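Subject: Two-chain model for you to look over

Hello,

Here is the structure I promised to pass on. Please open it alongside this note.

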Amino acid sequence: MMEKRIRKIIADMNKIADYDISASVSRDKIVTLNGTALYWKQVVDAGHKVANVKGVRNVVNDMISKDIKPNIIDYSKKIKEVKNNSISESCDVVIIGAGISGCAIARNLSKYNLNVMVVEKNSDIAEEATKANNGNIHPGVLAKPGTLKAKLNLRGNEMYTKLSEELDFELKRTGSLLVFYNKKDVNKFKILKFLKYTGIGKLIKPLSQAMKVPGMKWLNTKEVRELEPNLKGEPIGGFLLTTMGLVEPFEVCSALAENAAENGVTFKFNTQIIDIVKEKESIKEVITNHSTIKCQTVINCAGVYADNIAKMVDDCFYTIHARRGAIAIIDKNRKGYLNTPVGLMSDSDRSNNSKGGGASVTPEGNLLWGPNAVEVYDKEDKSVDAVDMDYIIKLGRGVTDEVKKSEIITYFAGIRAADYKEDFIVEASRKVDGFIHVAGIQSPGLASAPAIAEMVEEILFKQNSNLEIKSDYNPIRVAKPKFRDLSHEEQDKLIKKNPKYGNIVCRCELITEGEIIDAVHSPIPATTIDAIKRRSRAGMGRCQGGFCGPRVLEIIARELEIPLTKVTLKGENSYVLHRQSRV
Amino acid sequence: MNKRQVDVVIIGGGPAGLAAAIEVKKQGIDNVLIIERDSSLGGILQQCIHDGFGLHRFGKRLSGCEYADNFIVEVKERKIEIADKTIVIEITKDKVIYAMNEIDGITEIKCGAIILAMGCRERTRSQAFIWGTRPSGVLTAGTVQRYINIEGYLPGEKAVILGSGDIGLIMARRMTLEGIEVKGVYELMESPGGLTRNIAQCLVDYNIPLHLSTTVIRTHGNKKLEGVTVAKVDKDRQVIKGSEEYIECDLLVLAVGLIPENELSNQLNINIDTRTKGPVVDEYFMTSMEGVFAAGNVVTVFDLVDYVSLTGELAGRGAAKYVKGQLKMDKPITRLEPGENVSFVVPQYVRKHNLEEKLPLYFRVKQKLEKVEVTAVGNDETYYKKKHRVVLPPEMLVEEIISSNIKEGDKKITVNVMEVSKE
């Protein structure tokens, strides 16, 4: 039945001149697509169409299109070289990727008598999708019922309260507001209310997830106005999901990583996995660009590259396609203009595959417009174009006309790591002992991270019954002082204790030299200007580092005892200074 | 926490603040304090090692550093108190300042009057809406100037400059002298943004091409800048398809404008002029908050430091008078409004009874015109007329009206710049 359906889909597509596709279905219901299309978008469409067929476990989409240039890097020489140089390390568990999933898992595993290494190709944690996230801890209402996403989102959201207490990061449960401008929408949601309170909704499958979400509130016009006085037009009602939380995604990731590091996890940056070696069907070692690491377990949290990693152990049953999203940040002068992430009913017809942006807020009070969603072939393509900006400004305009384009202080893009089932993949490999897939983690990956980590912990526990909790495990992490949040008396005391807190380096965000030094010497050291920015906020304000950039650069060089010309903006060759003018 | 009381506090020790402080002291107020966040006075002038400063005031061409030194020496001679490496983190509406530094921690200062002299800041890559990636190697012109002139480091080998404002032009020459290959200066507008003399001395003399109606639309390179895409724009500043060109470079210098720095002013909720992006000021450059004055580039971005010093002095005299109770705050006020081909006028309003002998008006034209007449027109009388051969938006106009000419009770004076009809 399933195969017949797939054959039909492929045949239909091949009728269009743009396509030339062939498909094969494996015994475990993995569909592999080969062939060509004219445009990349068509490649992605084909993948989705096939993945949507009932019974398909996942899709490996090896198609290419005429508008892309495949960039395949051959690591075979490098692998040989590393194998020969005989720098060898060992540990119990290698976690690939220091994004939100990798760091959350590292922290959960740090409680056990395990030697855990997190290996990251970038120079810092959270360098990819995590840092480009809008920080919404979603209530879980949008996830498709019955998916892993649906389950982990609900659980993750719930876990955040305790997590924020243990790890001392800011979590604001602001709720998220869906605004109604017409009677039809109000009535639609009145029906939902009825279904929820009578329990009838549980019987309706498409609503089964929504029925599980706690903290729903139906607001009248006055209540909407009180909550969000600056909305445009005349809203006549709203639907509030009170469990929506706001966090700084980087802060969460760094809190997890720091706590993991304090409990003994090793983080290796600028380290890329180029091969994984099996012995029979068990993990033997991983090969990085520097060394070989012997280990029993590999946890694949490689984000957009999870499929590449899975290929290294011949257990790749999914393809990750990059879905880019751009976000614009509005000047803090608008702090308090919106209090919750706001959505409009008109937005809900957008593709279900990516989390709808619109207007959101950061815990610091900056408004965010976006993100949008664009399928791109190049997994490194984090560029923002005029069309992206036009679209996200339109999203913002839906909520208010007052905030002007000129109030945008910066914009950036991140890449969502989507698979074709558009669900999370968190499972032990069915082929290779010691390999765990954590793939397809896109929105709501941040909200789900604690639950993903919990699930991986359970998987590992099943495989390894002699895991023991360390006697000295400490789940508590204390954040460094944030000067800007203190009263003048407290600020005064802090400066008297350490005069470095008396020197403001970033004047837009009021960040002191003390905080920058703290960041350089934190459990996960910040070694680049961007790493400092993300930890301390220096350079995040409206001048975007114009004033503090040179000063931060000097502090990094001084604290790390390296020349100014060796300090980078974001790792690799991203040097700021070329050479001294007079030697 | 330390607490103290000061008659006049000046925030910022750049050219505006220095001139203001000297003037306050000259007026007989001894309890004056300059708060400066840097370790030395002079503000941005410290990194302006090129010449051309002070032609109006000193009648000769000085470097920025020399210009500042003239004032710094006088500040020291007059024994004006300086709090250096000190930053103001809060101002309250009852004129209490919270300042901080490494040694004293937080100090609460009750002020008789405050002069805001924080200067301006540079517009950024994002504010210029350049598309593409966000690699290293994209810096504002002021930052590049600091790296080269103060730190002694070069931030690249091959540079493209976006923006033909004075800072962009100065940096084109400076980088060339330091051995950086400047591939060109690109300007979105049809005419250059900087002073004519700078076009000649900084570009023409060094064979650096200036591309008008052309802009940088995209940066390339994920980690380090590898190149930029430039493109021509039409009259509506829209990119002309097909005119795109890739230029290899490792440094993009942004000289895309300056914005008055009014973070502290915003804390006070004072009125900001949307045209100047600075506070609305009166005859003594007092803001809408009584006893809080503004001077220099906080008010509007001036193109000559001489003007900055003049406004500093004016605000200084005003603050001294205010502290002595000699300013009459009552109405009536006369508004000064931009009229034909004028984009803004500073000050925005005056009280005739407080005016000094002459009332200087600072304004810019909207577009380039030749053979024009500047007029300042009251209700039914023209107070001022002056002919100019050519007027350009980048060159600020300063005209002085004889105050006694202004009629008591005039609600509004309009400043116009119009072509002289061919008679």
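Below are my notes on the interface, the sheets and the backbone. Keep in mind that this is a predicted model.

The interface

Start where the chains meet. Chain B contributes 45 residues to the contact, and chain A contributes 59. About 4700 Å² is buried between chain B and chain A, with carbon and sulfur atoms giving 53% of that area. On the chain B side, B:Arg134, B:Tyr153 and B:Lys223 stand out: they supply 16% of the area that chain B buries against chain A, more than any other three residues.

Five salt bridges are counted between chain B and chain A. One pairs the side chains of B:Glu261 and A:Arg507, at 2.8 Å from N to O.

Which elements of chain B give two or more residues to the side that touches chain A? There are strands S6 (87–91), S7 (96–101), S8 (105–116), S10 (131–132) and S12 (153–154), plus helices H4 (141–151) and H7 (263–267), of chain B. H4(B) gives the largest share, four residues. By class, this side of chain B holds 16 nonpolar, 13 polar and 16 charged residues.

The chains also share strand pairing. S12(B) pairs with strand S28 (residues 579–580) of chain A, antiparallel, over two bridges. There, B:Leu154 in S12(B) sits opposite A:Arg579.

The chain B sheet

Chain B has an open sheet of five strands with parallel pairing, in the order S11-S19-S13-S14-S15. Its edges are S11 (138–140) and S15 (210–211) of chain B, each pairing on one side only. S15(B) runs parallel to strand S14 (residues 181–186) of chain B, joined by two bridges. B:Val185 has B:Leu210 in S15(B) as its bridge partner.

Helix H5 (residues 166–177) of chain B lies across S13 (158–162), S14 and S19 of chain B, and runs at about 170 degrees to S13(B).

The chain A sheet

Chain A has an open sheet of six strands with mixed pairing, in the order S13-S7-S6-S17-S25-S24. S13 (266–268) and S24 (425–428) of chain A are the edge strands, each pairing on one side only. From one strand to the next the twist averages 15 degrees. S24(A) pairs with S25 (residues 435–439) of chain A, antiparallel, over four bridges. A:Glu427 is opposite A:His437 in S25(A). Helix H4 (residues 100–109) of chain A packs on this sheet, touching S6 (93–96), S7 (116–119), S13, S17 (297–300) and S25 of chain A. The direction of H4(A) makes about 160 degrees with that of S6(A).

Backbone points

Most residues other than glycine have a negative phi, and most peptide bonds are trans.

- A:Gly370 and A:Pro371 are joined by a cis peptide bond, omega about 5 degrees. A:Pro371 is in the loop between strands S21 (367–370) and S22 (374–376) of chain A.
- A:Ser443 and A:Pro444 are also joined by a cis peptide bond, omega about 5 degrees. A:Pro444 is in the loop between S25 and helix H12 (445–463) of chain A.
- A:Gln544 is not a glycine, yet its phi is positive, about 55 degrees. A:Gln544 lies in the loop between helices H15 (529–536) and H16 (549–560) of chain A.

Best wishes

Methods. Residues are numbered from 1 along each chain as its sequence is written. Chains are lettered from A and ligands numbered from 1 in the order in which they are written. This is a predicted model: local features need pLDDT of at least 70, side-chain atom pairs count only at pLDDT 80 or more; totals for chains, interfaces and linings use all residues. Side-chain values use heavy atoms; hydrogens and water are left out. Contact means heavy atoms within 4.5 Å. Buried area is the accessible area (1.4 Å probe) that two parts lose on being put together, summed over both. A salt bridge is a side-chain nitrogen of Lys or Arg within 4 Å of a carboxyl oxygen of Asp or Glu. Ala, Val, Leu, Ile, Met, Phe, Trp, Tyr, Cys and Pro count as nonpolar, Asp, Glu, Lys and Arg as charged, and the others, Gly among them, as polar. Two strands pair if DSSP finds at least two bridges between them. Axes are lines fitted to C-alpha atoms, for helices over the stretch in contact, and angles run from 0 to 180 degrees between N-to-C directions.
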